[in-house]
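Please keep the sequence and the model in view while reading.

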Amino acid sequence: MKALRQTDALLPAERISAQWACLHADSEFAFRASEAHYLSTLAMALDDDLVALLLLKKLRMAAGREPSDLRGVVTMGSLVRFTFGGDAGLGRLAHPSCLERGSLSIASRAAAGLVGMRTGQTILWPDARDE
């Protein structure tokens, strides 16, 4: 009988999100309580398990730390200039049903990675190939 490590029994999305949380244990994310509730509800409905798990981990890491100052924090509706996978982008975070030109769906990997971050903050975030 082979002994399994705890991560051996996890599905790929669970394993990646657990590793991500360990790598970013000291990272700070900020959310309004109302936005955190919206995002947790949205995460439960996402088809992309990895994005859902990572978004829930970000929310858990920020739990109980509602900032008094949200200047420089990416929130829903924020216009964000970012680099993802080596490509520069610009977009406004929006609900999937409210997309227009220049919008980033909060259900996308890029937007889910950006929400809750502060200006200048950097994190590792998987691309479409989970890399």
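F82 stands opposite G89, a residue of β2. The model in which this pair is found is a predicted one. The pair belongs to the contact between β1 and strand β2, residues 87-94, where six bridges join two strands that run antiparallel. Further along, F84 has D87 in β2 as its bridge partner.

How many residues lie between the strands in the hairpin of β1 and β2? There are two residues between them, and in this hairpin G85 takes a positive phi near 65°.

The next contact is that of β2 with β3. Here the two strands run parallel, and three bridges join them. In this part of the sheet, L93 stands opposite L104 of β3.

Taken together, the three strands form an open sheet in the order β1-β2-β3, and the pairing is mixed. Which strands stand at the edges? They are β1, residues 79-84, and β3, residues 103-105. Each of these has a single partner strand, so one side of each is left without a neighbour in the sheet. From one strand to the next, the twist averages 60°.

Definitions and conventions: Residues numbered from 1 in each chain as written. Predicted model: local features only at pLDDT ≥ 70, side-chain atom pairs only at ≥ 80, totals over all residues. Heavy atoms only, no water. Pairing = 2+ DSSP bridges. Helix = DSSP H or I, 4+ residues; strand = E, 2+ residues; numbered from the N terminus. Axes fitted to C-alpha atoms, helices over the stretch in contact; angles between N-to-C directions.
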